[in-house]
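Please examine the structure shown below. The paragraphs that follow begin with one detail and then widen to the chain as a whole.

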Amino acid sequence: MRKLLIIIPIFASLAMLLGLWARPDPVPVQLVEVGKGEVETLVANTRAGTVKACRRAHLSFKTGGQVSELLIHAGQRVQAGDVLMRLRQDDLQARVEEARARLDAQRNLREQSCRQASQDSRDQQRLERLAERKLASEDLLDQSVTRARLSQLLCSGGEAKIREAEANLDLQLAQLDQATLRAPFAGIVAEINGELGEVVTPSPPGIPTPPAVDLIDDQCLYVEAPIDEVDAALVRPGMPVRITLDAFRGRSFEGRVSRIAPFVRELEKQARTVDVEVKFEQVPADLMMLSGYSADVEILLAQREQTLRVPTESLLEGGKVLRYDPSNGHLREQKVEIGLANWRWSEVKGGLAAGDRILPSLQHEGLADGSVVSPSAGSTEAAP
């Protein structure tokens, strides 16, 4: 009996030592403290978008001709109505003068015929009075009546010929105006295709040619970007948007959805997308925003201010996280109720409390429920 009392404590001590020896060493990890902050639900473009001008005109002449005046240069800012380029117009000017001369001639002819009609009408009235007194023959009176009516018809016909001449003059003036290229709106000249003395020709049907002048309204810009067809149903005009450009890294610009395409674009070997247009709220004056820049958009669907959140990359399958238990140093799976979420943050609606510490990512291999860890000195609260 005495030996048994001695052996039992010895075996207990050996078992304790064996357990301590077999216990794995804690794995040093960096934990993140659950805190409050902003969480947004976003929709982003699937491919790079493009900055475009609200108005861009590829201006060309309707008729061909030789460039006689080039009044602009690339990069010049112009106002609406400014003359940009003219073709040789001497033949067109001659046709305009010819049309004016014909109009003047028709007016003179009408004046003559109307004066003659007035004279013939007076002669008819005099003969009628004489015929009443039996001092003029009926034949002479009939001739006078016929002559007066013909003169009146010539006078009325002269009015129609004047309108015809006026229409011809308008046609010649329109053709003359088509030889002058004017700015339809205020903007900046992006490109000029044509030099002084060169002959420019309009595009044949089905064969596009470069425009004579490429004019851009750079005071009004928007971004056109494709989003996945699944996300398109969630987007509405007027939603706020965050715009980022590769040309200005580290900066973002505010915008709003201005238009959603009414059809789905199907591109070969790519997902089906819907084009969304986003207008800038205001472009900073210190930036030279160029049409054609690549851009990315994040459309804000919903937002929570100062809500409990965790890094999205910390979530396991099934909406769980690995929470640190300070009482024994173990990681424990914790079911979390998730609200709003994006690629960076997920809103916590239940399952965790402020101050809980969790594994911020799943990059540590071998860590799971029950793993023994040792928080490193770098463990901190989640960054805002």
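In strand β11, V213 is the bridge partner of L59. Strands and helices here are DSSP runs, numbered from the N terminus, with at least two residues (E) for a strand and at least four (H or I) for a helix. The model is a predicted one, in which local features need pLDDT of at least 70 and side-chain atom pairs count only at pLDDT 80 or more, whereas totals for chains, interfaces and linings use all residues. Residues are numbered from 1 along each chain as its sequence is written, and side-chain values use heavy atoms, with hydrogens and water left out.

Two strands are said to pair if DSSP finds at least two bridges between them. Strand β9, residues 187-192, also runs antiparallel to β11, and four bridges join them; here V189 is opposite L215. A further antiparallel partner of β11 is β14, residues 273-280, with seven bridges. In that pairing, D228 stands opposite T273. In a regular strand, side chains alternate between the two faces of the sheet.

Part of this region falls within an annotated span. An unreviewed UniProt entry lists residues 56-201 as "domain: CzcB-like barrel-sandwich hybrid"; such positions are given in the numbering used here, feature names are shortened, and annotations may be inferred rather than shown by experiment. This span is 57% helix and 19% strand, and its end C-alpha atoms lie 21 Å apart.

What of the whole chain? It has four helices and 22 strands. Its radius of gyration is 44 Å, well over the 21 Å that the globule rule gives for 384 residues, so the chain is more spread out than a compact globule. That radius is taken over C-alpha atoms, and the rule is 2.2 Å times the number of residues to the power 0.38. The C-alpha trace spans about 180 × 55 × 40 Å along its principal axes. Of the 384 residues, 33% are buried, meaning under 20% relative accessible area with a 1.4 Å probe, protein chains only.

Confidence is expressed as pLDDT, the predictor's confidence in each residue, from 0 to 100. The chain has a mean pLDDT of 84, and 90% of its residues reach 70 or more. Over residues 17-22, however, the pLDDT is below 50, and this stretch has zero contacts in the model beyond near neighbours in sequence. Contact means heavy atoms within 4.5 Å.

Definitions and conventions. Buried means under 20% relative accessible area, exposed over 50%, partly exposed in between (1.4 Å probe, protein chains only).
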